[in-house]
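Please read the following report alongside the sequence and the coordinates.

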Amino acid sequence: MLASLRTSRFPRRVAPYTRALARRSYALTATSAPSSATVTDLEHLPQPGAKLHGFTLQRTKHVPELELSALLFQHDKTGADYLHVAREDTNNVFSIGFKTNPPDATGVPHILEHVTLCGSERYPVRDPFFKMLPRSLQNFMNAFTSSDYTMYPFATTNAQDFRNLMGVYLDSTLHPLLKKSDFVQEGWRIGPENPRASQGKEESSSGEAEVGKDDLVFKGVVYNEMKGQMSDAMYLYYIRFQETIIPALNNSGGDPAKMTDLTYEQLRNYHQEHYHPSNSKILTYGNQSVEGHLEMLGEQLSKFGKVQVDQDVKAPVQLSGPQSVTMKGPIDPLTPAEAQFKSSTTWLMGDTNDIAESFALNIATSILLDGYGSPLYRTLIESGLGTDFTPNTGYDTSARKAVFSVGLNGVTKENVPKVKETIMATLKETIAKGLDPRKVDGLLHQLELGLKHNTAKFGMNLIQRLKPGWFNGIDPFDALQWNSIVEHFKAEYEKGGYLEGLLEKYLSNDNTLTFTMTPSETYDAELASEEAQRLQSKITEVVSRFPSEGEAYQHLRQRELELLEEQQSDQTDGIDALPSLDVSDIPRQQPRIDVHDTELDGKTKVQWRETATNGLTYFRALSLFKDLPDELRMLVPLFCDSLMRIGTKDKSMEELEDLMKLQTGGISFGYHSSASPFNTQSAEEGLMLTGRALDRNVPAMYELLRTLLVETDFDSPKAHKMIKQLLQSGASGAVDGIASSGHGFAMKYANAGLSPVGMWGEQTGGITQIKMITGLAAAEDNAEAMAQLIGKLKVIQSLVVADMRLQGVRAALTCGTDVASTNEQALNSFLQTTTNTNLPSPSYQPTAATGFQAPATKTFVNLPYQVSYTALALPTIPYASPSSPTLSILAALLTHNHLLHEIREKGGAYGAGANLRALTGTFNFFSYRDPNPENSLRVIENAGRWAAERKWSEREVEEAKLSVFQALDAPVGVSGEGMTRFLTGVSREMEEERRGRLLDVGVEGVRAEAEKLGEGLKGAVGKAVVLGKRKGEGWEGWDGFDMGMAEREGNGGA
């Protein structure tokens, strides 16, 4: 898949600095396992100069602060680089990557990434990548196309699984079959939209031509994926900016307008030139023996010699004086048309090989941008000049030459020049004034906590941080020198003026690129027209090679039918060549996680997980709501954002943010709901409070939580303005936010009609929430409406504190045994001081209309996308029902044996599948970036009958079990231990009972549940949802969902 640019805007982040630190932080988090001398002790590992299995060990390095040792090898025969990171971590990771500078914008690196995984010499199976998904216990398995390299990583805790997957990945990348049929399936082709639709019709020379011409379309999985990406205006802005700042580095993902120029021969040649060991970077991580990895790698790489490869690092344009580029982009139909300009200003920075300077500039630019009190946030967003930062904003070190960009979304035409003027003035003033030392200390504290924070994804995070720089000539050992980097920074910073000097060096000039995207009412129409003209041109090329149009169209139709026949051929042919684990590899019992409960003040129940946490305490608490009105529930996300934005009578939000960074690892507020394991229609909801801090700072963490919850000043003169900014930021790019996870939004809305939790989830995080936010943003200048809104937020604040006083909270603490007693005292003090606060009780009268539109049986959400997203949800049975595990197995069987094949391979959608949401008891089908939702819905509606009639083999059921247990047995960081019990009420005993039932599912049970599913799909109990642009006929009987943009339709916006 194409490495995603960003995550969905919903649920929204609690504060800008949270987002920015996650994106730019140099911190590397740790796992809970203590360091083991036998794994990381260099004396027990190969020594520099050692020759093993065709490799020579070049260097080693022990990094005690990260509890790891690194060994850098080079393959003697090919020159392949291999880095092994030894660490006491059972979640072992592998990655092979290649430098893949794209020669043009046809997306050849991206399409090759897909086709490579469609079969290899040793595994000549149709789509071994997807076939391996249910034959493994991996917890991560994917491939990524980045701007100038392609990476194939996986992670697993099972040693045999590691060897299996490593063998498949190496053979797939180094010895792929690269069949032409896979190229046209994954890349692009021309064919009839529904190739079997005209079969059986009486054919004539004229009729044949007419039928063939009218329904010919561009098809292909990557083609449709990128059409979906290009529907996201934020992605479009980012990729057009990248093409401008580094024109030598073409769009690696592929521009659909250029993709149809790529030929099969060009794809094969590109693989031969780039997918060679001499052009590779290989990385392994974890506690497995490096000698075993070397043996396997040596065997594979010994078949190759050394070749010259393209490892050129593309440089950005030279900026001598101000430069400006303007391009057109799409209209967002949910936000005001007059304020949809996007503009950013960019400077070139230093060489990213200078790790120390890059680290310092990362600190300096974070202070400029991150948080509501940051200089650039105040002058650009708080001032009302724009609504949010552009996606290229920040300090980018992914290439050899770093760049720094600052930009704004939601700008009016007349204010576009002011964006750059304001950025320049703010930088000048900030450099002259100097950066606040408290903010520097706060960021260093965050990085310190990042080292201590426990996560199960250390290995994957490490690979994703090291690989970009490694491909651009940065020594990975330099990037691992954590302590020396920090100590060097502290020494330079102590001298004074260090950060200001760096900012002065790079930013006190007008050698800049200003990149602006203007909203065009005709953009979508022009895009459709370009594709139609291009399609006609390509069809004409085909016709020119045949005696008549009819024969040309017949050729295209016959080619599509031949592809269908190949896709329809035995999906299990040759599958025994693929390695697989067995269900016997799954332990019947999980390792025990010990938790216990206590009670405070007779009301508050506390769950304790006492374990090694590297000196951190993790806190969560739920304050439950009772009979919360719909309109207040829909405002809870905005209420949570407001707590992190407005400030108190005594402290501004900037001061509070500084305290959070100095004293905690982050605190937040959020909405939570969960269904009963025994009854899907019984549920609870509440406000979630979370935080983590060093043990010594736990009282300060609680004081900050209390201050934000009870002292946030909604009556402040600034509150109105700050809430207005939150609404504008939430509304900005809302359509793009939906597009980034359209199938998720479709499933969420479908579930809203099936259970209380489904409805609540839609109200607080679905398209209903987006519609409300965009509607409130549109009414931002209505003083009466804003006063009413603030009044309702105050009601929520009062309700939360009153509920805590009356019924206590449900809390969970994860900490070391040595600090449990002091943590209990601090929690008790927090609860007493919070509940003793007497907040005024604002009067509240619920309004009749809540703005929630319950889903009909069939709902079409008309949105301006080039592809669609579909979902169908059915109510089933509670979590604790004996048959529920069988439904989980059935969902996996349908995904891997039917839906991916029919909807992705044959239908051209980027993704498809089924899942069981066990706690809410809903069975869900979905498709993602789908060019043909009508076909996908037909496949889904017949899926139950198909599954009931199929003769399932025991092996297929076993593979489905492996697939289900990938998620169940995925490693969990220490902060997540015991959280299922706390958040859902599912006890260890219930989990163990379900685990046993999953392992015992048989073929007959699957068939019985498939028959029930088929009956449900035939009835009217399910909810179907499609998001996208309504095209063609066949949508009679579908209700529409009004996103509030009806007045814009037909005017280029939708």
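The structure is a predicted model, in which local features need pLDDT of at least 70 and side-chain atom pairs count only at pLDDT 80 or more, whereas totals for chains, interfaces and linings use all residues. Residues are numbered from 1 along each chain as its sequence is written, and side-chain values use heavy atoms, with hydrogens and water left out.

**Helix H8**

Lys 227 has a relative accessibility of 10% and therefore counts as buried. Its place is in helix H8, residues 221-230, where helices (H or I, at least four residues) and strands (E, at least two) are DSSP runs numbered from the N terminus. Contact means heavy atoms within 4.5 Å. With neighbours within four places in sequence left aside, Lys 227 is in contact with Pro 256, Glu 531, Gln 866 and Val 867.

Gly 228 also lies in helix H8, and with a relative accessible area of 1% this glycine is buried. Gly 228 touches Val 867 and Arg 929, residues up to four places away in sequence not being counted. The C-alpha atoms of Gly 228 and Tyr 869 are separated by 9.9 Å, although the two residues are 641 residues apart along the chain.

**Three further residues and their C-alpha separations**

Leu 499 is found in helix H20, residues 498-507, and counts as buried because its relative accessibility is 1%. Beyond residues up to four places away in sequence, Leu 499 touches Ala 360, Ile 363, Ala 364, Leu 435, Val 440, Phe 489 and Tyr 493.

His 720 lies in helix H27, residues 719-731, and at 28% relative accessibility counts as partly exposed. Leaving aside neighbours within four places in sequence, His 720 is in contact with Glu 780, Ala 783, Met 786 and Ile 790.

Arg 1030 belongs to the loop between strand E28 (1023-1028) and strand E29 (1039-1040), and is partly exposed with a relative accessible area of 35%. Arg 1030 touches Phe 860, Asn 862, Trp 1035, Trp 1038 and Gly 1040, again without residues up to four places away in sequence.

| Residue pair | Separation in sequence | C-alpha to C-alpha distance |
|---|---|---|
| Arg 1030 and Phe 860 | 170 residues | 7.8 Å |
| Leu 499 and Met 786 | 287 residues | 41 Å |
| His 720 and Arg 545 | 175 residues | 67 Å |

**Positive phi in loops**

Most residues other than glycine have a negative phi. His 53, which is not a glycine, has a positive phi of about 55 degrees; His 53 lies in the loop between strand E1 (51-52) and strand E2 (55-63) and, at 43% relative accessibility, counts as partly exposed. Asn 614, likewise not a glycine, has a positive phi of about 60 degrees; Asn 614 is found in the loop between strand E19 (604-610) and strand E20 (616-624) and counts as partly exposed at 34% relative accessibility.

**The pair H34 and H37**

Two packed helices are described by the angle between their axes and the distance between the axes. The axes of helix H34 (residues 884-906) and helix H37 (residues 954-968) come within 8 Å and cross at roughly 105 degrees. Axes are lines fitted to C-alpha atoms, for helices over the stretch in contact, and angles run from 0 to 180 degrees between N-to-C directions. H34 and H37 are therefore roughly perpendicular to each other, given that angles under 35 degrees count as roughly parallel, over 145 as roughly antiparallel, 65 to 115 as roughly perpendicular and the rest as oblique. On the H34 side the contact is made by Ser 888, Ile 889, Ala 892, Leu 893, His 896 and Asn 897, and on the H37 side by Glu 956, Val 957, Ala 960, Lys 961, Ser 963 and Val 964.

**Domain 3 against domain 4**

Domain bounds come from an automatic or database domain assignment, which gives domain 1 (50-190 + 221-303), domain 2 (314-435 + 480-519), domain 3 (596-836) and domain 4 (858-1042). Taken over C-alpha atoms, the centres of domain 3 and domain 4 are separated by 30 Å, and 43 residues of domain 3 are in contact with 44 residues of domain 4.

Conventions: Buried means under 20% relative accessible area, exposed over 50%, partly exposed in between (1.4 Å probe, protein chains only).
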